[in-house]
Structures are given as structure tokens and as C-alpha cells.
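My notes follow in the order I looked things up.

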Amino acid sequence: MGSRKIRETEYNQPLIEQRADPYVYRYADGTYYFTASVPDYDRIVLRHSTTIRGLKDAEEITVWVKHEEGPQSLHVWAPEIHYLDGEWYIYYAAGDKAHKWRIRPYVLKCTGQDPMTDPWIELGMMQPADGDKFSFKDFSLDATVLCHKGEKYFVWAEKVGHGKKVSNLYIARMESPWKLATSQVLLTGPDYDWERVGFWVNEGPAFLKHDGKVFMTYSASETGACYCMGMLSIDEDGDLLDPRAWKKERYPVMTTDAEKGVYGPGHNSFVKGEDGVTDYCIFHARQYEKIKGNPLYDANRHAMMIKVIYDEKGMPLFDLEQQ
């Protein structure tokens with residue numbers, strides 16, 4: 001943290017320091033696996049524990065390192081670990097030293113059933129559906145997987161347009177863990193002023209199921225203190241590939257709270273607690289507002305956690321006070 005003075009409060013204590021875009025996966029046996037972007041953006045790390053808070057001091061291993069040149073040689077971002085069809089996969093984005101913003105989504109597969117000890121192999125770039133001429137053709141990142149009613153869905157952010165690029169969120173049904181079955185469908189773009197600060201951005205999708213609803217949070221605007229979380233929702237029996245079936249909230253559901261020392265909260269994931277019932281939101285944020293230089297390269301986005309509470313209508317609330 002250098003000489004920067006940090007104002008610590010009871011609300012902004014990191015679960016894991018200097019780990020942005022945090023993702024926690026709870027396996028069937030109750031083991032928690034954690035991965036995230038590291039400050040150097042040069043590798044994929046993994047740790048595990050029998051409790052969420054135990055991840056803080058768990059040993060961290062490196063399961064993959066960026067290439068020296070060409071694709072996957074720069075900007076290794078936002079890995080997520082998923083157990084699909086009886087195998088372990090990691091989804092991540094990476095760029096190219098020669099074309100640093102040529103970010104694309106890639107897939108790793110574990111060769112065994114223990115993701116901490118068994119080797120991981122590259123499956124290459126995520127593959128679009130046959131005949132899809134649009135997916136993954138431009139800056140694409142922050143992919144996640146939603147398993148719902150026997151199907152798998154891939155959701156990711158991709159920039160489109162000429163001149164000023166706009167980052168939208170797209171969804172498609174998956175044919176396999178490394179290929180889409182359907183063409184992309186636009187779920188949401190940066191429609192509102194709070195999604196357009198610095199950059200026009202929707203990214204970092206994360207899914208939560210509760211009381212007959214599927215909720216998708218996402219992050220908006222540039223990566224400083226203006227970074228925040230928005231939310232969409234749909235009935236669990238709705239058509240996930242029908243954008244009109246989703247409801248988008250007019251205002252963000254989590255924003256900077258200077259009084260509590262939480263700045264730029266976003267890029268979260270959701271996981272069940274040890275009781276198998278309580279929902280937790282794992283997100284990143286900083287403990288200060290002022291950033292020297294490009295906020296993307298400020299290392300102090302820490303993984304934090306809060307308990308998700310629900311209002312009388314079953315809507316999730318991300319309230320720092322009620323923890």
C-alpha cells in the first residue's frame with residue numbers, strides 16, 4: 001500500500017488483499033475454491049478451504065502462467081472456476097503483447113478431479129456457435145456460466161461499435177463447456193448515466209437464485225470510485241434468452257460508500273455459506289478514493305464479502321450495515 005493512508009472501518013476489511021474480480025465456487029462436498037485477478041495480470045491462482053473465511057489464509061497455488069508472446073501473453077483477467085459435466089474448468093480473459101486490448105475469453109480444463117493438484121490444460125479460445133459471426137470478435141471478457149434447469153448458459157461482456165466502444169453483456173446457451181450452441185443475445189448495455197462514467201460499461205456478470213427468481217448483478221462505469229453494481233432479474237421459468245423477459249433495475253444496487261471506506265464496489269460473485277442456505281456476495285473494492293495513474297493498474301482492489309439479505313418482496317439487498 002506504500003505511504004498511502006488507509007482509513008480502516010468495520011465495513012472495508014478485506015477477505016483477501018489485492019485480489020480483484022473475486023470468484024468463489026462451493027463444490028458438492030462443501031469445499032470452497034477461490035480465484036481472482038492478480039495485480040500483475042500474468043497468471044491464474046487458486047486456493048481452497050472448508051470455510052469461506054478460511055480462504056483468507058489458505059495456501060495459494062499458480063495453476064497457469066501467461067504465454068511469452070502472442071495470444072494470452074498479457075492482461076490475464078477475471079478467472080472463474082466451474083465444475084461442469086463432471087469436470088473442472090476455468091474461464092478467463094487474456095490479451096496479446098502485440099495487441100494489448102485484443103482481449104478474448106479462454107478455457108482451461110483440469111485433467112483430474114483435484115483442481116489443486118492435477119494438471120490443467122488449455123482448450124483455447126471459447127468457441128462461438130456454428131454460423132455466429134459476431135461473438136468474441138472484439139474485446140471480450142468477464143465470462144461466467146449459469147447452470148439452470150438442465151442447461152448451461154454463457155454470459156460475457158463484449159465491446160461493440162466504431163469510434164467510442166460500448167461494453168454490453170451477452171448471453172448464449174452452451175453446447176459444451178468450450179463451445180456455444182446458440183448465437184449471442186444482447187441482455188443489457190450501459191443505458192443510464194451511472195453506467196457511463198469514464199467508459200460506457202456493463203461487465204462482470206454474476207448470478208444468484210432466490211425464491212423463484214434468477215438475479216444477475218453486473219458492474220458499470222470505469223474502474224475507479226464510480227464503479228458500481230447494477231442488477232437484472234427474471235422469473236426462474238422465464239426464457240433466459242429473451243431479453244424482454246428480464247427486468248433491469250433503474251438504479252445501481254451497490255455503490256461507493258465514502259463514510260464506510262468502500263470505494264468502487266463491483267465484479268462480484270455469489271456463494272452459499274457453510275449452512276448451505278445463507279447467500280454471500282464476494283466483491284472487490286478499494287479503501288480509498290484517490291488513485292494515482294490508471295485505476296486499472298492500482299493493485300489495491302481487495303476481495304471483500306457481505307451477507308445478502310432480502311426485502312419483503314424477495315429482492316436481494318447489499319447493505320453494509322446489516323451484516
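I began with the largest pocket, which holds about 630 Å³ of space. I kept in mind that this is a predicted model. Which residues are closest to the centre of the largest pocket? I found Y23, Y25, L146, F207 and F270 there, out of 24 residues in the lining.

I then sorted the lining by class: 14 residues are nonpolar, 5 are polar and 5 are charged.

I moved on to the second largest pocket, with a volume of about 480 Å³. Its lining has 21 residues, and W77, F139, F199, T223 and L296 are the closest to its centre. By class I read 10 nonpolar, 5 polar and 6 charged residues in this second lining.

**Salt bridges**

How many salt bridges does the model have? I got a count of 14.

I looked up D191 and K248. They form a salt bridge, with 2.7 Å between the closest N and O atoms. D191 sits in the loop between β13 (185-188) and β14, while K248 is in strand β17 (residues 247-248), so this pair ties together parts 57 residues apart in sequence. I also checked how open D191 is: its relative accessibility is 44%, so it counts as partly exposed.

K260 took two entries. I first found its side chain in a salt bridge with that of D257, at 3.2 Å from N to O. I then found a salt bridge from K260 to E321, where the closest N and O atoms are 3.1 Å apart. What does the pair of K260 and E321 tie together? K260 lies in the loop between β17 and β18, and E321 lies in the segment after β22 (316-317), so the pair links parts that are 61 residues apart in sequence.

Is K260 buried or exposed? I read 8% relative accessibility for K260, so it counts as buried. Its partners I logged separately. D257 is partly exposed at 21%. The cut-off for buried is under 20%, so D257 at 21% does not count as buried. E321 is partly exposed too, at 47%.

**K152**

I picked K152, which is in strand β10 (residues 151-160). Its relative accessible area is 14%, so K152 is buried. Which side chain makes a polar contact with that of K152? I found D85, at 3.2 Å. Leaving aside neighbours within four places in sequence, I listed the contacts of K152: L84, D85, V145, L146, C147, A172, R173 and M174.

**I306**

My last entry is I306, in strand β20 (residues 302-307). At 3% relative accessibility, I306 counts as buried. What does I306 touch beyond its neighbours within four places in sequence? I noted contacts with M254, D279, Y280, C281, F283, F318, D319, L320 and Q323. I also took a distance from I306 to Q18: the two are 288 residues apart in sequence, and their C-alpha atoms are 17 Å apart in space.

Methods: Residues numbered from 1 in each chain as written. Predicted model: local features only at pLDDT ≥ 70, side-chain atom pairs only at ≥ 80, totals over all residues. Heavy atoms only, no water. Helix = DSSP H or I, 4+ residues; strand = E, 2+ residues; numbered from the N terminus. Buried < 20%, exposed > 50% of the residue type's maximum accessible area, 1.4 Å probe, protein only. Contact = heavy atoms within 4.5 Å. 1 Å grid on protein atoms, 1.4 Å probe; cavity = no way out; pocket = protein on both sides within 12 Å on 5 of 7 lines; lining within 4 Å. Points joined across faces, edges and corners; volume = space filled by probe spheres on them. Nonpolar A, V, L, I, M, F, W, Y, C, P; charged D, E, K, R; others polar. Salt bridge = Lys/Arg side-chain N within 4 Å of Asp/Glu carboxyl O. Polar contact = N/O pair within 3.5 Å; in protein donor to acceptor, adjacent residues only side chain to side chain.
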